[in-house]
Amino acid sequence: SDTMPAGATRLAGGGKKPAARVEKDRPKRFSDENSKWLKPKKGAEKAPKVKKAPARKPEPETESDEDSSMDDVLDDEMLDDDLEGDESDDPSDKRARQNGASGKRKASLIESDDEDGDDGFMDDEVEGAGSEENEDEDEDDEDDEEDDDDDDDDEDSGDDLKMDIERDADDLDDEEQRVRDDDEAELKTNIQRTTRFVLPSGQEIAQEEIMAPDLAMVAQRIKDNLSTLANFADMRDPERSRQDYLDQLERDMATYYGYVPDLIQLFLRLFSPSEAYEFLEANEAPRPLTIRTNTLRTRRRELAQALIGRSVNLDPIDKWSKVGLVIYESPVPIGATPEYLAGHYMIQSASSFLPVMALAPQEGERVLDMCAAPGGKTSYVSALMRNTGMVFANDFKKDRLKGLTANLHRLGVTNAVVCNLDGRAFPRVLGRFDRVLLDA
């Protein structure tokens, strides 16, 4: 096609329109006034749609502005030739299609140029920001490496310091252990370097009777004597008999625990030496305060909840008893609580439960308690019998009957008879009994 000069448009018949009429024939832009102009006529052929070119990122080698403008002119000329070739269409329709197609084409090209320019600008900014971020990350990595090196140095120095402190602590522990060993060695003044126990001589015994006893040395001698008696064949002194070791053990126990020698001698006849030692050690420990729940008035769980509500620290005695409680600590006197005055429990040692449990009284029986005061075991017998049958509460001392009677009334016992007789008179006065309890 021929190149058209600027300021002229091609006519439908192939001629050229003067430049003065270009402004008049220029297509109107979209507005409310020319909205009808956009509607196509009936039977008119629709103008081909021009697809919008997708936005492309700038390539390394971009074309110059002159090349792009030349391509735009060539595309317009090709479009005009196509429109001129269609002679069957109306001239006004041809001009409308021509102007609309060219306007759409130019608008799409302008938008694509703007998008290309924006994309290039954004890419430049992203590339610049990326380079700056890479530089900052490199600097941060170098700083982190330096900090890690410093931390490693600090940890190494801390480990060295910690190891020094641990070594010093171990040395101190070893020194304290050596001092304790030396002290224990000094206590064994009368013991040979061997494992064999040597009894003190008569002169040493006489000197100990005159002077105040060394309780630490006496306690150590009791342990060594027990060890010798446990393995007497191997650890004995051939010149001493077993009775000599027992006599020395009896004197040492009487001195250390504060018992008379006759009572220690009785314990050694009742128990073996090791059992007698455990018995005496148990007597040195304070006896715990225990109470027995009176099942005639309440249950153990309800009683425990009531006492816990008064800030009493307690526990069940053990599995063998279903009524006993151990009192560890109480801000109020256990013998003055409302529960005690109401007869919900009896202050009673756990050992006094055992005779009644061994007696095992049954409901409806005749039972005699020969030494009933102050009434702990008698009330337990009545509770096991559920206030049935007959319980004779006797005590040889008349003065103790007042406390016995008061406790029976407080605990709600109704099947007991309080009497003051000699036990030998009961077969003649009251006849036979199903069970008799004598705990004296």
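Select Tyr245 and show its surroundings: leaving out residues up to four places away in sequence, Tyr245 touches Phe197, Leu199, Asn225, Thr228, Leu229, Phe232, Arg236, Asp237 and Arg240, where contact means heavy atoms within 4.5 Å. This is a predicted model, in which local features need pLDDT of at least 70 and side-chain atom pairs count only at pLDDT 80 or more, whereas totals for chains, interfaces and linings use all residues. Residues are numbered from 1 along each chain as its sequence is written, and side-chain values use heavy atoms, with hydrogens and water left out.

Next, select helix α5 (residues 215–230) and helix α7 (residues 242–257), whose axes come within 10 Å and cross at roughly 145 degrees; axes are lines fitted to C-alpha atoms over the stretch in contact, and angles run from 0 to 180 degrees between N-to-C directions. Helices (H or I, at least four residues) and strands (E, at least two) are DSSP runs, numbered from the N terminus. Among the residues that meet here are Ile222 and Asn225 in α5, and Tyr245 and Leu249 in α7.

Now colour the largest nonpolar core, which has 17 residues, with Ile222, Tyr245 and Leu249 among those with the most contacts inside it. Such a core is a set of buried Ala, Val, Leu, Ile, Met, Phe, Trp, Tyr and Cys residues joined through side-chain atoms within 4.5 Å, buried meaning under 20% relative accessible area with a 1.4 Å probe, protein chains only. Helices α5, α7, α8 (261–270) and α9 (273–284) each supply at least two residues of this core, and α7 gives the most, with five residues.

How values were computed:
Buried means under 20% relative accessible area, exposed over 50%, partly exposed in between (1.4 Å probe, protein chains only).
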